[in-house]
Amino acid sequence: MTPCRCPTCDLAQSLHALLMADDVDGAIEAGLMSFAACDCTTDDVVIITSVMQAQARLRTAWEARRRYRLRQARLARRAQEREARRLAAAPATTDTASSAPERPALPASAAAILARAKAKAADRMKR
């Protein structure tokens with residue numbers, strides 16, 4: 001086969017060279033994501049295939065990054081909503097709340113049991 005020298009094949013050669021030099025940014029700037037293989041029959045099938053594979057890997061990575069960012073935004077929104085619900089459920093500290101009678105710390109039966117236990121312990125301490 002004769003080497004094809006169409007602009008697409010030339011672009012594939014330059015993109016392949018950039019990718020082999022690990023210059024992905026340069027390849028993107030040179031048109032990696034808009035690259036489409038031509039219909040030429042060339043010996044450069046391996047080069048075109050590697051450029052297309054790099055293009056697919058990059059698209060996959062960008063989609064994964066987009067999904068990750070959407071997930072992070074969704075989790076942040078849920079956390080804000082949860083925090084807003086928590087703050088709304090918290091009792092307000094106003095003057096009316098402080099004038100309301102306080103509930104005893106223990107139920108009456110538990111308070112009576114505790115008082116008897118304290119009296120018994122005090123009686124033992126006297127002996």
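Predicted model: local features only at pLDDT ≥ 70, side-chain atom pairs only at ≥ 80, totals over all residues.
Residues are numbered from 1 along each chain as its sequence is written, and side-chain values rest on heavy atoms, with hydrogens and water left out.

The chain contains five helices and zero strands. Read from the N terminus, its elements follow the order α-α-α-α-α. These elements are DSSP runs numbered from the N terminus, with helices (H or I) of at least four residues and strands (E) of at least two. Of the 127 residues in the chain, 17% are buried. Here buried means under 20% relative accessible area, exposed means over 50%, and partly exposed lies in between, with a 1.4 Å probe and protein chains only. The areas themselves come from the Shrake-Rupley method with a 1.4 Å probe, and for residues only the protein chains shown count as cover.

Helix α3 covers residues 45-89. Ala 54 belongs to helix α3, and this residue is buried at a relative accessible area of 8%. Between Ala 54 and His 16 there are 38 residues of sequence separation, and their C-alpha atoms are 9.3 Å apart in space.

Attention now turns to charge pairing. Side chains of opposite charge can pair when their charged atoms come close. The criterion applied is a side-chain nitrogen of Lys or Arg within 4 Å of a carboxyl oxygen of Asp or Glu. The structure holds three salt bridges. One of them joins Glu 63 to Arg 66, with 3.0 Å between the closest N and O atoms. These two residues are three apart in helix α3, and therefore about one helical turn separates Glu 63 from Arg 66. Glu 63 is partly exposed at a relative accessible area of 37%, and Arg 66 is partly exposed at 42%.

Another salt bridge links the side chains of Arg 77 and Glu 81, at 3.5 Å from N to O. Both residues lie in helix α3 and are four residues apart, about one turn of the helix. Arg 77 counts as partly exposed with 41% relative accessibility, and Glu 81 is partly exposed with a relative accessible area of 38%.

The side chains of Glu 83 and Arg 86 also meet in a salt bridge, with an N to O distance of 2.4 Å. This pair too lies in helix α3, with a spacing of three residues, or about one turn. Relative accessibility is 36% for Glu 83, which counts as partly exposed, and 49% for Arg 86, which likewise counts as partly exposed.

A patch is made of residues with over 30% relative accessible area and no salt bridge; like charges are joined within 9 Å, and nonpolar side chains (Val, Leu, Ile, Met, Phe, Trp, Tyr) within 5 Å. Lys and Arg count as positive and Asp and Glu as negative, whereas His and the chain ends are not counted. Each charge is placed at NZ of Lys, CZ of Arg, CG of Asp or CD of Glu.

Arg 71, Arg 74, Arg 78, Arg 82 and Arg 85 form a positive surface patch. Within this group, Arg 78 lies in helix α3 and is partly exposed, with a relative accessible area of 42%.

A patch of negative charge gathers Asp 22, Asp 23, Asp 25 and Glu 29 on the surface. Glu 29 is part of helix α2, residues 24-29, and counts as exposed at 71% relative accessibility. Asp 22 is located in the loop between α1 (7-20) and α2. Asp 22 is exposed, with a relative accessible area of 65%, and its backbone has a positive phi of about 60° although the residue is not a glycine.

The last topic is the cysteines. A disulfide is defined as a pair of cysteine sulfur atoms within 2.5 Å, and a search of the whole structure finds zero disulfides. Cys 6 is itself buried, at a relative accessible area of 17%.
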